[in-house]
Amino acid sequence: MNTKSFDLNDIANEPTDEQLNALMNDVIVEVRKKAVIAHEQLMEMLRKEIRRVNQVQGKQ
């Protein structure tokens with residue numbers, strides 16, 4: 001975000017629409033990154049659990 005910094009808690013000096021838009025875009029980028037990481041972790045956990053269950057069933 002290349003605009004002047006601001007404090008979201010400062011009601012006397014509210015951020016501009018451009019600053020808020022830039023902030024929202026930055027948040028969207030971060031949320032998408034974290035969603036991808038969370039999805040990858042979930043899928044890996046599910047794959048491990050499927051392998052474990054298949055191994056247990058194979059031993060019976």
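Student: Why is Arg 52 called partly exposed?

Tutor: In this predicted model, the relative accessible area of Arg 52 is 44%. Buried would need a value under 20%, and exposed a value over 50%. The 44% of Arg 52 falls in between, so Arg 52 is partly exposed.

Student: How do you know that Glu 49 and Arg 52 meet in a salt bridge?

Tutor: The N to O distance between their side chains is 2.6 Å. The cut-off is a side-chain nitrogen of Lys or Arg within 4 Å of a carboxyl oxygen of Asp or Glu. Arg 52 supplies the nitrogen and Glu 49 the oxygen, and 2.6 Å is within 4 Å, so the pair counts as a salt bridge. Both residues lie in helix α1, three residues apart, which is about one turn of the helix. Glu 49 has 37% relative accessibility and therefore also counts as partly exposed.

Student: What joins Glu 44, Arg 47 and Arg 51 into one network?

Tutor: Salt bridges that share partners join these three residues. One of the salt bridges is between Glu 44 and Arg 51, whose closest N and O atoms are 3.6 Å apart. That distance is within 4 Å, so the pair meets the rule.

Student: What makes Glu 30 and Lys 33 a salt bridge?

Tutor: Their side chains come to 3.6 Å, N to O. Since the limit is 4 Å, the pair qualifies. Glu 30 and Lys 33 both belong to helix α1 and are three residues apart, about one turn of the helix. Glu 30, at 38% relative accessibility, counts as partly exposed.

Student: Why is Gln 55 called exposed?

Tutor: Gln 55 has 53% relative accessibility, which is over 50%, so the word is exposed. Gln 55 has its place in helix α1. Lys 59, also placed in helix α1, has 74% relative accessibility and therefore counts as exposed. Asp 17 lies in helix α1 and, at 63% relative accessibility, is exposed by the cut-off of over 50%.

Student: Where does Ile 11 lie, and why is Ile 11 called exposed?

Tutor: Ile 11 lies in the segment before α1. Its relative accessibility is 75%, so Ile 11 passes the cut-off of over 50% and counts as exposed. Ile 11 and Gln 55 are 44 residues apart in sequence and 60 Å apart in space, C-alpha to C-alpha. Between Ile 11 and Gln 41, 30 residues apart along the chain, the C-alpha separation is 40 Å.

Student: What makes Leu 42, Met 45, Leu 46 and Ile 50 a nonpolar patch?

Tutor: Leu, Met and Ile count as nonpolar side chains, and a patch takes residues with over 30% relative accessible area, joined within 5 Å, so these four residues form one on the surface. Together they have about 370 Å² of accessible area. Ile 50 is found in helix α1, which covers residues 17–59.

Student: How many helices and strands does the protein chain have?

Tutor: The protein chain has one helix and zero strands.

Student: How do you know whether the protein chain is compact or spread out?

Tutor: The radius of gyration is 22 Å, while the globule rule gives 10 Å for 60 residues. The value is well over the rule, so the protein chain is more spread out than a compact globule. Its C-alpha atoms fill a box of roughly 70 × 20 × 15 Å along the principal axes.

Student: What share of the residues is buried?

Tutor: Buried residues make up 5% of the 60 residues. The accessible surface of the protein chain is about 5,600 Å², and 56% of it belongs to carbon and sulfur atoms.

Definitions and conventions:
Residues are numbered from 1 along each chain as its sequence is written. This is a predicted model: local features need pLDDT of at least 70, side-chain atom pairs count only at pLDDT 80 or more; totals for chains, interfaces and linings use all residues. Side-chain values use heavy atoms; hydrogens and water are left out. Patches are made of residues with over 30% relative accessible area and no salt bridge: like charges are joined within 9 Å, nonpolar side chains (Val, Leu, Ile, Met, Phe, Trp, Tyr) within 5 Å. Accessible areas come from the Shrake-Rupley method with a 1.4 Å probe; for residues, only the protein chains shown count as cover. Helices (H or I, at least four residues) and strands (E, at least two) are DSSP runs, numbered from the N terminus. Buried means under 20% relative accessible area, exposed over 50%, partly exposed in between (1.4 Å probe, protein chains only). The radius of gyration is taken over C-alpha atoms; the globule rule is 2.2 Å times the number of residues to the power 0.38.
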